[in-house]
Amino acid sequence: MAKVRIENVVKRFDRQAAVNNFSLQIDDGEFIVLVGPSGCGKTTLLRMVAGLETVTEGEMFIDGVRVTNTPPKKRDIAMVFQNYALYPHMTVYNNLAFSLKLRKFSKEEIRKKVTEAAAMLGLADLLDRHPNILSGGQKQRVALGRAIVRNPRLFLFDEPLSNLDAKLRVSMRAEILDIHRRLNSTSIYVTHDQMEAMTMGTRIIVMKDGTIQQNGTPREIYNHPVNKFVGGFIGSPAMNIIRSRVDARSEGTWLTGPDFQLAVPDARAPLLQDHLDKEIYLGIRPESFCHLGASDNGQASFEAVVTLVEPLGSEQLIHFTLAACEMVAKLDPHIPLQYGDRVKLGVKMSDVHFFDLQSEQNLQSAHRAA
Ligand SMILES: Nc1ncnc2c1ncn2[C@@H]1O[C@H](COP(=O)(O)OP(=O)(O)OP(=O)(O)O)[C@@H](O)[C@H]1O
Ligand SMILES: [Mg+2]
């Protein structure tokens, strides 16, 4: 177990900052997920924590001790890579035993640790095999096992499941969390898959262009994205985001666009007070739409033509165009809808998000901070 503190860390390759002014504190036994699009600096950050990459600026501490320039071997960290990095000429047993041999553990101790890890990971029957005849999931387990036998104070995972098929990924996620609970080891887990981040992290750090956009629980991040990027990145299907004008009318505040007029509930109108007669980004999650009958006259409704129906069994995704944007609504699968139908949709205005057009900050977060 370990506490980690990352202070104002910058990593520059040539002049370009891959990680920029990154600060984060991780508690003993926490399972933190770093998520962000390809190239946002996730691997670079993990490699700096592991000591495999130098830090351009800033400091790193593990359990209060400065490790910014400490070599990897002395950090007591195990990293699990995306490509497994198994030794092809060694059996599973020897792959698991390798780091322990290097560290001069006795044969007996090695056998004990390897047997324990193999049992935990369901590898007991595979110890004599070579990696080339293991399935992807089994290889991934060996890679995990190599990290576990070392009993490190900190685990780093760099997209460890991205080579696996969807079903295996789901079961390996559960296994990794189960191992985490048993060992209670501090872990940093990197993924670009927002779904994986949401299901695994007790705390998620959303990154973009080397910086932290938001740090919060999955629920906080989903319900209160601090900006347009986080709103659009977390959630599947993605949040629909359209430009919309804020109209002050005698009967209240409205959001309007080429094909729609939506009344803003009085409780939320104050958020838009500084944006009257200006445009904002309106963010609507697919589940914030509802299907209305022809006679329903909600003030937050509009009509659109269905351009695609995705029947997913427990729900259906309805695609349509609004204000020249592709939109997706998640609706009850029992509503008979097909391509070309004209539908009336309502919007749950208590759940939508408002983002500033320039700063792209969520007006709700700005309002709360004020
Ligand atoms: N050794 C290097 N030399 C120069 N630039 C690098 C080096 N390593 C990474 N970069 C750059 O730093 C940025 C961050 O890369 P990094 O690998 O950390 O991204 P990532 O978030 O892990 O992406 P992915 O999800 O694709 O793995 C990228 O623009 C990348 O091109
Ligand atoms: Mg990476």
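1. Let us start with a hairpin. Strands β9 and β10 form a hairpin with two residues between them, and Asp209 in the turn has a positive phi of about 45 degrees. Please keep in mind as you read that this is a predicted model. To find the pairing by eye, look for Lys208, which stands opposite Thr211 in β10.

2. Asp63 also deserves a look. Although Asp63 is not a glycine, its phi is positive, at about 50 degrees. Where does Asp63 lie? It sits in the loop between β4 and β5. Strand β4 (residues 57–62) pairs with β5 in the antiparallel sense, over two bridges. Here Phe61 stands opposite Arg66 in β5.

3. Now step back to the sheet around that loop. Four strands make an open sheet in the order β2-β1-β4-β5, with antiparallel pairing. Which are the edge strands? They are β2 (16–26) and β5 (65–66), and each of them pairs on one side only.

4. Next comes ligand 1. The residues around ligand 1 are Phe13, Ala18, Pro37, Ser38, Gly39, Cys40, Gly41, Lys42, Thr43, Thr44 and Glu159. Sorted by class, this shell has four nonpolar, five polar and two charged residues. Helix α1 (residues 42–50) gives the most to the shell, with three residues.

5. In the side chain of Ser38, a polar atom lies 2.5 Å from an oxygen atom of ligand 1. For Gly39 the polar atom belongs to the backbone, and an oxygen atom of ligand 1 is 2.7 Å from it. An N or O atom in the side chain of Thr44 is 2.5 Å from an oxygen atom of ligand 1. How much of the accessible area of ligand 1 does the protein cover? On its own, ligand 1 has 640 Å² of accessible area, and the protein covers 56% of that.

6. Zoom out to the whole chain. The protein chain is divided into domain 1 (4–232) and domain 2 (235–369). The centres of domain 1 and domain 2, taken over C-alpha atoms, are separated by 38 Å. Where the domains meet, eleven residues of domain 1 are in contact with 15 residues of domain 2.

7. There is a cis peptide bond to check. Most peptide bonds are trans. Here, a cis peptide bond joins Ser236 and Pro237, with omega at about -10 degrees. Pro237 is found in the loop between α8 (228–233) and β11 (240–249).

8. A hairpin joins β11 to β12 through two residues. Strand β12 (residues 252–257) pairs with β11 in the antiparallel sense over five bridges, and Val246 stands opposite Leu255 in β12. Strand β11 also has β14 (residues 279–284) as a partner: six bridges join them, and the two run antiparallel.

Conventions
Residues are numbered from 1 along each chain as its sequence is written. Chains are lettered from A and ligands numbered from 1 in the order in which they are written. This is a predicted model: local features need pLDDT of at least 70, side-chain atom pairs count only at pLDDT 80 or more; totals for chains, interfaces and linings use all residues. Side-chain values use heavy atoms; hydrogens and water are left out. A residue is near a molecule or strand if one of its heavy atoms lies within 4 Å of it. A polar contact is a pair of N or O atoms within 3.5 Å; within protein, one must be able to donate a hydrogen and the other to accept it, and residues adjacent in sequence count only if both atoms are side-chain atoms. Accessible areas come from the Shrake-Rupley method with a 1.4 Å probe; for residues, only the protein chains shown count as cover. Ala, Val, Leu, Ile, Met, Phe, Trp, Tyr, Cys and Pro count as nonpolar, Asp, Glu, Lys and Arg as charged, and the others, Gly among them, as polar. Two strands pair if DSSP finds at least two bridges between them. Domain bounds come from an automatic or database domain assignment. Contact means heavy atoms within 4.5 Å.
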